Amino acid sequence: MPEAALDFADEPPEAQAARIAELNDRYRHHGATSVLQGALRDPQAGKLTLVSSFGAESVVLLHLVSVIDRRTPVLFIDTQMLFTETLVYQQELAERLGLEDIRIIRAADAAVAKEDPDGTLHQFDTDACCDLRKTRPLQTALKGFDGWITGRKRYQGTSRAALDFFEADGPDRIKVNPLAHWAPEDIRAYMDENRLPRHPLVAKGYPSIGCAPCTSPVAPGEDPRAGRWRGQDKNECGIHIVDGRVVRRSEPMNVIVTDAGFRQDDWQGNAVLDLASDTDPNTVDLSAAPGLIRVDFPSFADGRGFTIARQLRLRGYKGRLRAHGHVIADQYAMARRSGFDEVEIAPDLAARQPEAQWQFRADWQRGDYQSRLRG
Amino acid sequence: MPRAFTPKVITANALLEGDVVYLTKDDLWTRDLSEAELLTDEAHADIRLLDAEKRGNEVVGVYLADMTAGPDGPEPTHFREDFRRTGPSNYFHGKQEVRG
Amino acid sequence: MYHYNDFDRDFLANRNAQFRAQVNRRIDGSLTEDEFKPLRLMNGLYLQLHAYMLRVAIPYGTLSSAQMRQLAMIGDRWDRGYGHFTTRQNIQYNWPKLKDVPDMLDALAEVGMHAIQTSGNTIRNVTADHFAGAAADEIADPRPVAELIRQWSTDHPEFQFLPRKFKIAVTGSPNDRAVTKAHDIGLRMVRNDAGEGGYEVIVGGGLGRTPMIGKVIRDFLPREDLLPYLEAIVSVYNLLGRRDNKYKARIKITVHENGIDTIRDKVEAKFAELKPLFSGVDQQMLREIEGHFAAPEFRTASTEAFDDAYAADPVFRAWCDTNLSDHRADGYAIVSVSLKKHGATPGDATGDQMRTLADLAEAFGHDELRISHEQNVILPHVHKSDLPALHRALKAAELATANIGLISDIIACPGMDYCALATARSIPVAQEIAERFEELKLEHEIGPLKIKISGCINACGHHHVGHIGILGLDRAGVENYQITLGGNHTEDAVIGERAGPGFAYDEVTDAIERIIRAYLDVRESPEEEFLDTFRRVGTEPFKAALYPKETVDA
């Protein structure tokens, strides 16, 4: 099928910037559906395609597109390294949503024969493999379009914190990000409300799904339930601040572990500074710090909290310092030696690892090579 | 078209001994691949796997391994599973030693 | 030799009691496998293909005869009567049972040994030049500082859950036998213009999926600044290292992505904060440790017996020519005992062989043994007059193979025969190559040549830095082997070049033979070693031999 001429080929950069700014203005206060609806019809957006991996969350955008216009071209990159489950899911989803123009793109046979003849490139150069099987085929396929629709979201990372609905993708194309403002809960809720089928590997603990050789259910050493646990903690965490007062909810209380054993939270101050595990401890404003800082451990395998605690102490923080989240009894001595005063754990963890197991390491000063060497 | 489902067995390593075990039809762990249950239906295999994964106090690292049906029960299709069934190739140790 | 004091003994007893409790808690269900796994790994316990595997540290590769005997006893009692020495100066037991492991650890503690931090995302066993304290070319013995680092890194509360594993190596000699440029941190003991001792600090080297040669972060670090500086590096890495992708989590990627200058700035800033916390006690302790490593009392004796045997016995002479290295004391030699008998599993020693080696170390070697990253055992201090007797005893124990540094002295990881991560076998490939060249009787004519084999991309067999490297991969369910050429592991470390498409399992030995025939053809003289020939002529003659024209055109 011959492609129609592109509307915005050879557009000068200033014109492109102005056009993107106008589009962002026009749709500033719109939701995902109307941004997508508008973009697919707005002459200023040009000819668009949806690029989808048919991964864990892809169904949301595919569904939105299918409702607006099922003839919208959908590009699916088959790296030829995908899980069988993904290929099956792709076909089932396309059928169920009635998508009429799915274009499966692959690396050219000649390129594969030359650069990865035995299919082992990913074993020694993942970047080159991605370039061969993903980036280049996509770039080639996108040449027929003025822009593409992506599922990127602001919450996915700090670099995306300022993500707009419309943005430039090089001089010749734009990107449309209808889900920019969606939170993980919105994704889940949308899938639930529309009864959309989940990628089968999600149930098997794959948090995000790429090519089979480079995707594993969880990071090494990480609890596969860490993800679930995080969500649960958010709902169950006992402390919330409403109108400047600490409000305790009726869910089971977290347990505080100290050298003396388990106890209930006695913190009466009105504010707590919570630090995520990716916080740079040198940027924390200690002059404004309250009397209690909690450092999050999203998984016991994430040891950044120990260095954060030590650095806060090195910088002179004298208040209470609490490790909070998935810390296990065997890490109690490490937490104490790194400068934490106490550990806050969820009730289910406290039930599985009772007080005696934590008390076993209450002698955390014994056998401390580092203190001995520092003198 | 969905791809055809390759038959599989459920396998793991025993928690206490560390050796390779397979799940039988009657939910026992056997050391002998020929006694393992060959799963030919995908939905059934998924359910069996979920149940097996709950037995973390008996075994470690449960997964589905590809097999074919042989005259004496399941046969590995990949050399890794063949080594797991047999033992190392440099010494007569592991399962080959136990079996004598 | 370092001897444990009360503090070390108490620490180890306490740690072993913790692990015993952890094993019990795993069995009773209060620890899930996900939680237990990092704890067992931190104590050296893996779950491999057929069984658990216990990896025991041999810090900086040094053993006494009593320790070697205990290693033999452990292998006999709780394993299948042998042990496997690795490229990281560890010994691995391939068949322990979970409930026996706490007893094995207690047995190790009796001789001041442990399995702490031989795995997991933490600072691993510190390695050092296996000729330390004996080599003629040495500036300073690296073992005391390696012991200091062992103490500092042991159970370091900040660094037990790093983004990824972390390996440190130290050399005290300009001829780098410790592969310092392929470590997360490599330390080279140097002297500045004023003659003061210190370290060149190299960071971000490593093999594996993305091989990188380390970069110099500090060209001269004063001795007393070592621990705060190491602490600064690891601390910066702990926060900055990637945790989203395990293939990008090693410090080599952190350095690569951020640039060595950014890393250096951050490290120096952190170092400035940490330095005042060290009162200097560590340097007093270092001096005390140095006392433990005082050289033995070398004797002066005639070497006549040696000279006579050397002249009279060609087998002895051949063994001397390959297996001895220069010692710094007159009349002494460093003896490398090959664990690479043709057709044997590289790095394996039976309990009886370990006991023999312990006896010989006691009788002839000032009670010292070393384990090299090349998977051989070294008697570092043998007076030449004892060599004939030593050689006779080694022969009786099948330990007198004269192949150190030759084509059959192959480094090989355990590969698919044992390792859960492997994608192909390594051991049988090494066995077949060694047997082939033994049959051809070409080994000594070929001269120095290092073949290194890994059974997966993680490169435990150091294939990237082998003169000939072999990497076993899984190609659509079939073993396939890629060959690299021209790698080098020394102070001029180089990553080998991939020769071309891989070979099937049963084609590898023929392929290696074709490379060797090509080398013998093109070398200028028997004195021109393989690596020198390769540097002179490049890959083409070898590629032509590996991939004859007709098969390329086919």
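I began at the boundary between two domains of chain C, where I found 7 residues of domain 3 in contact with 8 residues of domain 4. On the domain 3 side of that boundary I noted 1 nonpolar, 4 polar and 2 charged residues. The centres of domain 3 and domain 4 of chain C, taken over C-alpha atoms, are 27 Å apart. I keep in mind throughout that this is a predicted model.

I then looked up how chain C is divided, and the assignment gives domain 1 as 6-110, domain 2 as 142-292, domain 3 as 304-396 and domain 4 as 411-553.

For secondary structure I counted 19 helices and 21 strands in chain C. Chain C is as compact as a globular protein of its length, because its radius of gyration of 23 Å is close to the 24 Å that the globule rule gives for 554 residues. The C-alpha trace of chain C spans about 65 × 60 × 60 Å along its principal axes. I also checked burial, and 59% of the 554 residues in chain C are buried. Among contacts in chain C with a separation of 6 or more, 67% join residues 24 or more positions apart.

Last, I turned to the interface between chains, where 40 residues of chain A are in contact with 47 residues of chain C. On the chain A side, α6 (121-124), α10 (304-314), α11 (332-338) and α14 (369-374) each supply at least two residues. By class, I recorded 15 nonpolar, 13 polar and 12 charged residues on the side of chain A that touches chain C.

Technical notes. Residues are numbered from 1 along each chain as its sequence is written. Chains are lettered from A and ligands numbered from 1 in the order in which they are written. This is a predicted model: local features need pLDDT of at least 70, side-chain atom pairs count only at pLDDT 80 or more; totals for chains, interfaces and linings use all residues. Helices (H or I, at least four residues) and strands (E, at least two) are DSSP runs, numbered from the N terminus. The radius of gyration is taken over C-alpha atoms; the globule rule is 2.2 Å times the number of residues to the power 0.38. A residue is buried if 20 or more other C-beta atoms lie within 10 Å of its own, exposed if 12 or fewer, and partly exposed in between; C-beta atoms are placed from the backbone. Domain bounds come from an automatic or database domain assignment. Ala, Val, Leu, Ile, Met, Phe, Trp, Tyr, Cys and Pro count as nonpolar, Asp, Glu, Lys and Arg as charged, and the others, Gly among them, as polar.
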